Amino acid sequence: MNYVYSLIGAFLMAFAVGNVLEPMHLVTGGISGLGIIIKQYSAVWFQKQGWFAGQALEQGIPLWITSIVFNIPLFIAAYKKKGIHFLGSSLWGAAWLTIFLAVLPEWDILPRDYVLNSLFGGLIEGLGIGLVLLAKSSTGGADLFATLLHERLPQYSIPKIMACHDGVIVALGFMAFGIENGLYALITIFIISRISDTVIGGFGHAMVAYIISDESQRIAGEIMRELNRGITGIGVKGMYRNKERTMLMCVASKKQLVYVKEIVSKYDPLAFVIITDARETLGEGFASLGNNTR
């Protein structure tokens, strides 16, 4: 089912980018956002030079070509550094996203309205990203770039690197298409984040994971290092074996919870994990405790 989720997610992402966001020049980050910018500037250049007149390339370099050009070096680098097992389903997701960007026809289903395209583009792409992440996969691009760069800059977490990477691309979108398009793109980014979070873990603001494992030290270390999330160790005693252990308590966003479970499985597939909703989360990394007036 993970491959099915990833396939459907890649289709929704390709449809949102190619048929909703790109026609309105809404740059939301990632390789797809960079592809929208490259397509615009290449179209201007081709038309100025008189190249590809009357051909499809006159409208600029297609998004699927940009996806291939940037993803192939990233996957080669990832293979050399971490091996084929690291690529896993990410190669599957990236391949299908590129294929769908190439073969999906341009359906003019929405009026050229910035509000509608921002809302529905964010909704569709957020749903697609949520399904891909739910499948413990990715579509390459920013995720893979951040993972590889983290190898050279271990002092920065992968989420921070991704945020900087996407921030630069969104800033380029502001420069390429103007403030109005950029502000609508920010609305789309917000919707994508909310929808993808909802797909992964429901409507709660955050989740709490309780982890009981003999590998608690190694699990805690990687979660703190990779996800930049604090963890609390609580001394517990199993009554059946009369054995004392350290139970980890970790509060994380729904998107991060996917990686928490992956890290736990990596070090201890037999770990005992309890995941529950956090009705309200206040303090560092979440809502400010000082703003709570109740």
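Start by selecting Thr188 in this predicted model and showing whatever it touches: beyond residues up to four places away in sequence, that gives Leu21, Leu26, Thr28, Ser118, Gly121 and Gly122. Thr188 sits in helix α8, which covers residues 179-201. Buried or exposed? Thr188 has 0% relative accessibility, so it counts as buried, the cut-off being under 20%.

Now hop over to Ile36. Skip its neighbours within four places in sequence, and its contacts are Val17, Leu21, Glu22, His25, Leu26, Val27, Leu63 and Phe177. Ile36 also belongs to the largest nonpolar core, a set of 25 residues. The largest share, nine residues, comes from α1.

There's a second, separate core to visit as well: it has 17 residues, including Met207, Leu257, Ile263 and Tyr267.

Last stop, the second largest pocket. To centre the view, select Gly18, Glu22, Pro23, Lys39 and Glu106, which lie nearest the pocket's centre among its 30 lining residues. Helices α1, α2, α3 (63-82) and α4 each put at least two residues into the lining, and α2 gives the most, with four. Colour the lining by class and you get 17 nonpolar, eight polar and five charged residues.

Conventions. Residues are numbered from 1 along each chain as its sequence is written. This is a predicted model: local features need pLDDT of at least 70, side-chain atom pairs count only at pLDDT 80 or more; totals for chains, interfaces and linings use all residues. Side-chain values use heavy atoms; hydrogens and water are left out. A nonpolar core is a set of buried Ala, Val, Leu, Ile, Met, Phe, Trp, Tyr and Cys residues joined through side-chain atoms within 4.5 Å. Buried means under 20% relative accessible area, exposed over 50%, partly exposed in between (1.4 Å probe, protein chains only). Contact means heavy atoms within 4.5 Å. On a 1 Å grid over the protein atoms alone, a cavity is a set of points where a 1.4 Å probe fits but cannot get out, and a pocket is an open set with protein on both sides within 12 Å along at least five of seven lines; lining residues have an atom within 4 Å of a point. Ala, Val, Leu, Ile, Met, Phe, Trp, Tyr, Cys and Pro count as nonpolar, Asp, Glu, Lys and Arg as charged, and the others, Gly among them, as polar.
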